Amino acid sequence: MLRRLSVLAGAAVAAAGLLFATAQPASADPFFKPRSHHSSYAECDAAGKAGKDLWGLLYKCEPFPTRPDVYVLLVRI
């Protein structure tokens, strides 16, 4: 019984990890693509400003849909 519960728990963790890895950011704009993930808005904004030579000033930071403590840097393509 304990073995079955551990297998079930392992499958649930694997499924949750797969969902987190394949989840898309909340941006509805198809012209922005995710570039990187950051732990704070200030860190995300600093990364966006640092990459202005690559993508210009067209970037935005949005919270990840399932993790409010993670911000996604979205850049214009």
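## Exercises on a predicted model

Buried residues (under 20% relative accessible area with a 1.4 Å probe, protein chains only) make up 23% of the 77 residues in the protein chain. This is a predicted model, in which local features need pLDDT of at least 70 and side-chain atom pairs count only at pLDDT 80 or more, while totals for chains, interfaces and linings use all residues. Residues are numbered from 1 along each chain as its sequence is written, and side-chain values use heavy atoms, with hydrogens and water left out.

**Exercise 1.** Determine how many helices and strands the protein chain has, and which pattern the protein chain follows along the sequence.

*Solution.* Begin with the DSSP runs, where helices are H or I of at least four residues and strands are E of at least two, numbered from the N terminus. The protein chain holds three helices and three strands. Reading along the sequence then gives the pattern α-β-α-α-β-β.

**Exercise 2.** Locate the disulfide, and work out which parts of the protein chain the pair ties together.

*Solution.* Searching the whole structure for cysteine sulfur atoms within 2.5 Å finds one disulfide. Its partners are Cys-44 and Cys-61, with sulfur atoms 2.2 Å apart, and the angle of -100 degrees about the S-S bond makes the link left-handed. Because Cys-44 lies in helix 2 (residues 41-50) and Cys-61 in strand 2 (residues 59-63), the pair ties together parts that are 17 residues apart in sequence.

**Exercise 3.** Decide whether Cys-44 is buried or exposed, and do likewise for Cys-61.

*Solution.* Cys-44 has a relative accessible area of 0% and is buried. Cys-61, at 12% relative accessibility, also counts as buried.

How values were computed. Buried means under 20% relative accessible area, exposed over 50%, partly exposed in between (1.4 Å probe, protein chains only).
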